[in-house]
Amino acid sequence: MRQEQEQPTLTRRRLLALSGLAITGVVLTACGGNAAPSPTTAASTTSAGSTSAALSAAATTSASASTSAATTSKAAGVTTSAGGGAATPATGGGTPAASGTPSSGSGSGVRIEGNLPLPAAFHDPTMLADQVKSGKLPAAKDRVSKNPLVVKPVEKVGKYGGTWRAAILNPADSVWLSRTTAYTNMLRWDADWNKVIPDMAESCVVSPDGKTFTFKLREGLKWSDGQPATADDVMFWWNDVQLDKELNPSGVSNSMKQGKDAATIEKVDETTFKVSFKEPNGLFLILTAGGSTTIGINPAHYLKQFHKKYTDQAKLDQLIKENNVDSWVKLFQTKGASIPGTPYDARWYNPDLPSINPWQLTKGFTEGTQLVFERNPYFFKVDTDGNQLPYLDKVTFDIVQDPQVQVLKAANGELDMQDRTIATFANKAVLSDNQQKGQYHFWENIPSSMNNLIICLNLTHKDPTMRQIMQNKDFRIGLSYAIKRQDIIDTVYVSQGEPWQAAPRKETPWYNERLAKQYTEYDVAKANASLDKAFPKKDPNGIRLGPDGKPISFVVEVTTDQTDRVDGLKLIQGYWKAVGVEIQLKSEDRSLLYARKNSNEHDAVVWGGDGGLNDGIVEMRYYFPFSFESNFAQAWTAWYNPGGNPQTKAEEPPEIVKKQMALYDQITVTVDPDKQYDLMKQILDIAADQFYCIGITLQPNGYGVVKNNFHNVPPKMFSSGGPYLNPGPTNPFQYYKD
């Protein structure tokens, strides 16, 4: 395993192929689940232990073209993890992706499938041995499905037992639970962020036109209570949850639409279903691998009792009363879904809800100061020796209100593996000093984030005067020039980083230098000149007067746990006051900040810069009003995503903004990677013209804390807000403790 590695660079065609856009009629296969691998495909294994068709090769139309594409990837420094090596990001010169063996359906589309050879025998976790012996549980060979996913551990085959100790701030931070205990999808990313590979589905076939995706679930897949998980559970999720107007009044998510039209899902047989779109869907595979925002699966056998379609009204009324809720909708949400407008997610509250994940919730948020997850006895993955995964018996999360308490726990060696909320630049010194005492070391995070601190002024502010101020581009340019970025970098970020706006990183094929570097120089004269164009008049205290004749003063909101951003804002507060603009800092809980910005109640919000690497093509939040994470224009976003956020009234955006939206709509339906690239560049050029947000500094590599006796954690991993939900793709179920 190599310890010294550089950040990978991505070629244009390589990255576009990753998104599943280049589906030009090649069928790519890997070794089947129960068959011995053929010589052609034996090397095509991911670092997570699966084989798959490399989507980068899908951009070609022949074996020779495939080799050429793989060579380009190699030159760019993108590994394809051949041979099941360590799950670490690439240095230069990775192994070319295997193109696979064309099947008899060659020319009919892309096929994603494969597995390592099945072990000769399967072994029960020590924790379950007595239950198997007594007959309470079937043996491992009868629990893990007929074609379990075989995973090669990062370092070595682990051993059973132990608890992974972690911490979480509150229910609003539950994404940390999803990343660690619940990264289980139809398809998933490999650890190197190179390929989409099988997960719950043992295969996915894409039609030549990019409109139809046929998924085949693993035969014998089971929920944590031992009940079968089948295509019927997918159909229940779709027909009875997503399409139910009472449960889901906003309609299906945008990831299950193409344009304005929702997908259709059809059951083929007990393990097979088809997802079809009216137009080609070039982003569907990357979205599916990124998380549960696309294809879902619900335990219908459990949830039907709370659904009015399947339960008589008398029984439903009794359950509503027993659970102290006011409707069947709230009952269903409480038992098996989420409650809109709140951080409630039944996965973290209801231990009775069957799970497909490595660990099953046994103690939720309402049951004390710690969440507890215990191994799922029916989890469908095994290691190369046939040991049913996970290795760890339990995962616990201490619920801690103060981020500094989390840091103290880490410094004392009380957290086994964590980066969430503790791995800030401000905390690194104290965590470094305590490594020997706490018996831990660091792993390195390669961020997809392109900025540590982005200030989004609310361009669609409810107050007309404030809106006029925020929409003035000269005002935003002046504020940007007034920021002494290098001082912030030196003081807050320990001299790591460089002045940067909200723009893709240099490693991406769509790096836009103008967007990244404009207005980043510290120049008070230029700042005042630009601000004088906007609002030249000042009060006796030197504060500029807005169009209503009142001093310009507004609130910038930031979450309490983002301590580095709080520190950076304190410096910015002084820089801006020096040029006549007053701000107040409001540090608050994440749930409050989200509630306010989702309701379009904020003046300005600070967040980090998602969408800097591979994720840029599906995470455009800072480049145009793309999603409700586009904090600078909630009302315009509501227009683009009708019904997606009922808390904000939709407002038609200016024509130039609508042009960006139309360009992105074209991206989602094209299967031509060159056209895709050109459309992306146009969107970013307009973003540079509009200058929506103010960025501070490019984010350098980060870190995480891992105990010395906690193994199979790669020394480097990507860090992304989505779609690479670290540490999920590094397979936490194969972590183990000595």
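Strands, like helices, are taken here as DSSP runs, a strand having at least two residues, and both are numbered from the N terminus. In this predicted model, two such strands, β14 (381-383) and β15 (394-399), are separated by a loop in which Pro390 is found. The peptide bond that joins Leu389 and Pro390 is cis, with an omega of about 5°.

Asn324 is placed in the loop between α9 (313-322) and α10, while Tyr519 is placed in the loop between α17 (513-517) and α18 (524-534). With regard to the surface, Asn324 counts as exposed because its relative accessibility is 71%, a value over the 50% that the term requires. Tyr519, by contrast, has a relative accessible area of 17% and is therefore buried, since that term applies under 20%.

An open sheet is formed by 5 strands, which follow one another in the order β1-β6-β7-β11-β10 with antiparallel pairing. The edges of this sheet are taken by β1 (110-113) and β10, each of which has a single partner strand, so that one side of each is left without a neighbour in the sheet. From one strand to the next, the twist averages 15°. Within the sheet, β6 (residues 201-206) pairs with β7 in the antiparallel sense over 5 bridges, and one of the residues concerned is Val206, whose bridge partner in β7 is Phe213. Helix α6 packs on the sheet, where it touches β7, β10 and β11, and the direction of the helix makes about 160° with that of β10. In general, the strands of a sheet pair through backbone hydrogen bonds, either parallel or antiparallel.

Helix α6 itself comprises residues 231-242, 12 residues that reach 15 Å from the first C-alpha to the last, which is close to the 16 Å expected at 1.5 Å a residue. The helix is mostly covered, with 10 of its 12 residues buried. Cys693 is in no disulfide, and the nearest cysteine sulfur, which belongs to Cys456, is 3.4 Å away; a disulfide would require the two sulfur atoms to lie within 2.5 Å. Cys693 is buried, because its relative accessible area is 4%, and Cys204 is likewise buried, with a relative accessible area of 0%.

Terms used
Residues numbered from 1 in each chain as written. Predicted model: local features only at pLDDT ≥ 70, side-chain atom pairs only at ≥ 80, totals over all residues. Heavy atoms only, no water. Helix = DSSP H or I, 4+ residues; strand = E, 2+ residues; numbered from the N terminus. Expected span 1.5 Å × (residues − 1). Buried < 20%, exposed > 50% of the residue type's maximum accessible area, 1.4 Å probe, protein only. Pairing = 2+ DSSP bridges. Axes fitted to C-alpha atoms, helices over the stretch in contact; angles between N-to-C directions. Contact = heavy atoms within 4.5 Å.
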